[in-house]
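Please open the model in your viewer and keep the sequence panel beside it. The stops below tell you what to select next and what you will find there.

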Amino acid sequence: MRTAEFERRTGVNRRLLRYYEEQGLLSPGRTSGGYREYEESDVLKVRHIRNLLAAGLSTATIADLLPCMGKDGDDLIADCPELLLDLHRERARIQAAIHELETARTTLDAVIATAPPETERAARALLLP
DNA sequence: ATTCTCACA
DNA sequence: TGTGAGCA
């Protein structure tokens, strides 16, 4: 299928599709006229890409990860030891980010606790409605 | 009619 | 990351 249909099937616009391609996540073939030719399996592939992206993985690690997923079926890693390393590294990165955010929140809570009661109430009034 | 690449008041 | 120009 070509761009227009693929765009509909995936719900992702060409601009982004081309970006994924530049990042090595997708490699559609080309017709003699130079038009991109996508495979049926690419539709599912884009779904995977979007999920992985949402999980915080970089396009680079996703590029390495994709070939390790079932060629046809859903997403389940087969046997890619080298990849598992990157995944754990990503997990550690996320865990670290969580900690940083938690300490940032703690700091803010401390500052907020400093505000006078009436100021606190005024602030909440501005926040809720 | 459609897609492609490239460039940017 | 959108938009238009000039092609094939």
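Helices (H or I, at least four residues) and strands (E, at least two) are DSSP runs, numbered from the N terminus. This is a predicted model, in which local features need pLDDT of at least 70 and side-chain atom pairs count only at pLDDT 80 or more, while totals for chains, interfaces and linings use all residues. Residues are numbered from 1 along each chain as its sequence is written, chains are lettered from A and ligands numbered from 1 in the order in which they are written, and side-chain values use heavy atoms, with hydrogens and water left out.

**Stop one: a pair in helix α5**

Select Arg93 and Glu90, whose side chains meet in a salt bridge with 3.1 Å from N to O; the term stands for a side-chain nitrogen of Lys or Arg within 4 Å of a carboxyl oxygen of Asp or Glu. Arg93 and Glu90 are three residues apart in helix α5 (residues 81-112), so about one helical turn separates them. Glu90 counts as buried, at 4% relative accessibility, whereas Arg93, at 44%, is partly exposed. Here buried means under 20% relative accessible area, exposed over 50%, and partly exposed in between (1.4 Å probe, protein chains only).

**Stop two: from helix α3 to helix α1**

Next select Glu40 and Arg9, which form a salt bridge whose closest N and O atoms are 2.6 Å apart. Because Glu40 lies in helix α3 (residues 40-54) and Arg9 in helix α1, the pair ties together parts that are 31 residues apart in sequence. Arg9 is partly exposed, with a relative accessible area of 37%.

**Stop three: Thr10**

Now move to Thr10, which sits in helix α1 (residues 3-10) and counts as buried at 16% relative accessibility. A polar atom of the Thr10 side chain lies 2.9 Å from the backbone oxygen of Phe6, and a polar atom of that side chain lies 3.2 Å from the backbone nitrogen of Val12. If neighbours within four places in sequence are left aside, Thr10 is in contact (heavy atoms within 4.5 Å) with Leu17, Val43 and Val46.

**Stop four: the two domains**

Finally, colour chain A by its domain assignment, which gives domain 1 (1-78) and domain 2 (80-129); such bounds come from an automatic or database domain assignment. The centres of the two domains, taken over C-alpha atoms, are separated by 33 Å. Nine residues of domain 1 are in contact with eight residues of domain 2, and across this interface the rule finds zero salt bridges.

Key. A polar contact is a pair of N or O atoms within 3.5 Å; within protein, one must be able to donate a hydrogen and the other to accept it, and residues adjacent in sequence count only if both atoms are side-chain atoms.
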